[in-house]
Each structure stands twice: as structure tokens, then as C-alpha cells.
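Dear colleague,

Please read them with the coordinates open.

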Amino acid sequence: MGEPQSILDPLTPAAMFLVVTIDEGGEAVARDLLADLPGLRRSVGFRVPGSGLTCITSIGSAAWDRLFAGPKPAQLHEFPGFAGEKHQAPATPGDLLFHLKAETQDACFELAMKLAERLAGAGTIVDQTVGFRYFEQRDLLGFVDGTENPEGQLAVTAALVGDEDPEFAGGSYVIVQKYLHDLDSWKALSTTEQEKVIGRTKLDDYELDEAEQPANSHVAVNDQAVSGNIVRANMPFGSVQDGEFGTYYIAYADDPAVTETMLTRMFLGSADAAYDRILDFSTAVTGTSFFTPPVAFFDALPD
Ligand code: HEM
């Protein structure tokens with residue numbers, strides 16, 4: 001298996017997510033940037049000692065066809081979107097995803113500026129989201145987010161492509177969605193009611209007993225024993241000026257079908273629940289799928 005990008009590294013206090021579309025005719029510039037990325041990351045990261053700057057770079061299905069003539073990851077396709085009776089998950093454009101992580105935001109921002117400079121005239125940044133650690137890895141709903149992520153070897157098998165697609169072993173499929181929270185409605189609930197929406201206790205983050213955990217709670221709907229495991233790296237984001245409070249959802253999996261199964265259960269429902277109750281308080285405003293190649297893929301691109 002090829003060395004993966006830093007998908008399995010722990011969450012950092014600072015992150016930035018850039019979704020980029022490649023303009024018509026911008027393919028050569030985008031390809032050059034992808035080839036130079038490891039060096040650009042080193043230049044910025046080395047100048048900010050202790051920043052631990054990483055940049056996980058991923059490529060969308062249509063962009064893959066435009067940029068590369070060779071083989072394509074077997075399961076790479078566009079985000080299908082999910083339309084339930086009450087809640088929808090839209091599919092939105094995106095050719096490249098840069099998932100920047102660091103101990104401090106300055107390192108993320110400096111690399112983001114360099115990426116934007118290199119893409120000028122060849123690509124459009126369609127979304128920039130600045131993520132931050134909020135207290136004890138909590139989301140802006142106040143719940144600890146990320147606890148049941150797989151660890152160790154389970155994380156490796158959950159996130160990384162293996163022998164089923166040898167050419168791309170060590171790669172991963174990533175899905176991102178921006179969710180906006182209706183904090184007024186959320187805060188109108190009691191803590192006990194909020195815990196029934198999530199399926200875990202709020203203060204100390206224990207899973208509710210089966211008897212107390214509603215079938216439409218977020219944790220029950222996303223039971224990884226049913227859908228399979230994914231590696232999430234969600235981050236809160238927001239703006240008090242715009243009254244925008246959200247969760248940037250990002251999950252890596254060895255097969256996009258795992259996350260898509262979860263989204264089907266969340267939005268379209270299952271035999272057990274009509275939909276995920278978290279959606280009454282959180283609205284998906286973007287949705288895009290990408291493939292995250294292993295490190296060697298970028299090294300092999302011609303300079
Ligand atoms: C669990 C928050 C969207 C999949 C959780 C937990 C929280 C949370 C607080 C419990 C702690 C944990 O294990 O991490 C959120 C928020 C979201 C969101 C605020 C956006 C509004 C999603 C989406 C998916 C998903 C879109 C899948 C497509 C999962 C999974 C678990 C989980 C697999 C672990 C379930 C378990 O095994 O116990 N999420 N989540 N989440 N979430 Fe989400």
C-alpha cells in the first residue's frame with residue numbers, strides 16, 4: 001500500500017478547507033500546482049516551527065478526467081445529492097479540495113494564500129471555510145464530535161483503499177458538506193432533549209443506553225456496525241457578523257458507498273427512522289466528493 005496523505009493524523013486546533021473549481025483551460029496550471037504542492041507545504045510548514053502544517057489534497061471525478069490520461073480510482077464519482085421528504089443534501093461544484101491542518105491558523109493561511117496565487121486565472125475558490133477547535137473537540141451544538149472515530153488498524157482499513165484497487169492503494173474517498181445550525185431552535189431544547197437528538201450525553205459524552213437512545217438520534221442512524229466505518233475530521237466554523245454557525249463535515253473512507261449509505265439513512269430514512277433528527281437543526285448547504293491519492297501520486301506528476 002502506498003503511503004497515505006496525513007488523513008489519519010489527529011485533529012489540530014486550526015484547519016482551513018478550500019474547494020476549488022478549475023476554469024476552462026486552467027488544467028495545466030492545476031496540474032503544475034499539484035506537482036509542486038508537497039514542496040510548497042514544506043516551505044510554509046518549515047518556517048512556522050511547531051505548526052505541524054499538513055495539506056491533504058483531493059481531486060473530484062470530472063477534474064480527474066480533465067487532468068489525467070491514466071487510470072482512474074475505481075469508485076470515484078460525483079456526489080449524488082440526497083433528497084428526502086423533509087431534508088435535502090445538495091450536490092455542489094468542486095474539482096479540488098485542500099484540507100489544511102495546523103496547530104496555528106497562520107500556517108494554514110499562508111499556504112492558502114500561496115495556493116490562491118498559483119491558481120489565479122486558472123481556478124476559482126468556490127468555498128473557503130476556516131475551522132477551529134471549540135473547547136473539548138465540541139461542535140457548535142455543544143457536543144463532543146469525533147469520539148467514535150475508528151482507531152489504529154481499524155482506522156487504516158476504514159479510511160484507506162487496499163488491494164481491491166492496487167493502483168490507488170493508500171488513497172481514500174472523501175466527502176465534504178457544510179452544515180449550518182439553527183442555534184435558536186437548538187437552544188430552545190432542554191439538555192435532555194438535545195441528548196436525545198444526538199444520542200450521547202452532552203457534558204461527559206457517554207453514549208445513551210439503548211433504551212434511552214431514540215432510533216432517529218444521530219448516533220443511532222449512523223451506527224457504524226450497520227454502514228461501515230469512516231474517519232471524520234469535522235470542524236466548527238462561524239461568523240457572529242452573519243449569524244452563521246456551522247459544522248464542516250468531512251469524512252474519509254475506503255469506499256464512498258459507506259458515507260453514502262449513512263447519508264441515505266440520514267436524509268431518506270430507514271425501516272427504523274424517517275430521518276436523522278439532527279437535520280431539524282442543521283441544514284446541508286454544500287456537498288462534494290473527491291479522491292485523495294496516496295503521496296507517491298503527486299511525486300510522480302511531471303514538474
Ligand atoms: C457521531 C456531530 C454530520 C456520521 C457524531 C457525534 C456528534 C456528531 C456530536 C457523536 C460523537 C462522535 O462519535 O463523534 C455531527 C454534526 C454533524 C454531523 C454536528 C453536522 C451537522 C454527520 C454526517 C455523517 C455523520 C453527515 C455521515 C454521513 C457520524 C458517525 C458517527 C457520528 C458515523 C459515529 C456514530 C457511532 O459509531 O457512534 N456526529 N455529525 N455525521 N457522526 Fe456525525
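In which pocket does the ligand sit? In this predicted model, the ligand sits in the largest pocket. The elements that give two or more residues to the shell around the ligand are strand S7 (172-181), helix H7 (218-221), strand S10 (244-253) and helix H9 (256-267), and of these H9 gives the most, with 4 residues. In total 25 residues surround the ligand, the closest being Gly146, Glu148, His218, Gln224 and Arg232, and by class the shell divides into 10 nonpolar, 10 polar and 5 charged residues.

Gln224 takes part through its side chain, where an N or O atom is 2.8 Å from an oxygen atom of the ligand.

The largest cavity has a volume of about 70 Å³, and its lining, which includes Leu11, Phe132, Arg138, Asp145 and Pro236, has 5 nonpolar, 2 polar and 4 charged residues. The second largest cavity, with about 40 Å³ of space, has a lining of 6 nonpolar, 3 polar and no charged residues. S7 provides the largest share of that lining, 3 residues, and S7 and strand S12 (288-292) are the elements that give two or more residues to it.

With best regards

Definitions and conventions: Residues are numbered from 1 along each chain as its sequence is written. This is a predicted model: local features need pLDDT of at least 70, side-chain atom pairs count only at pLDDT 80 or more; totals for chains, interfaces and linings use all residues. Side-chain values use heavy atoms; hydrogens and water are left out. A residue is near a molecule or strand if one of its heavy atoms lies within 4 Å of it. A polar contact is a pair of N or O atoms within 3.5 Å; within protein, one must be able to donate a hydrogen and the other to accept it, and residues adjacent in sequence count only if both atoms are side-chain atoms. On a 1 Å grid over the protein atoms alone, a cavity is a set of points where a 1.4 Å probe fits but cannot get out, and a pocket is an open set with protein on both sides within 12 Å along at least five of seven lines; lining residues have an atom within 4 Å of a point. A molecule sits in a cavity or pocket if more than half of its atoms lie within 2 Å of its grid points. Ala, Val, Leu, Ile, Met, Phe, Trp, Tyr, Cys and Pro count as nonpolar, Asp, Glu, Lys and Arg as charged, and the others, Gly among them, as polar. Grid points are joined across faces, edges and corners, and a volume is the space filled by probe spheres set on the points.
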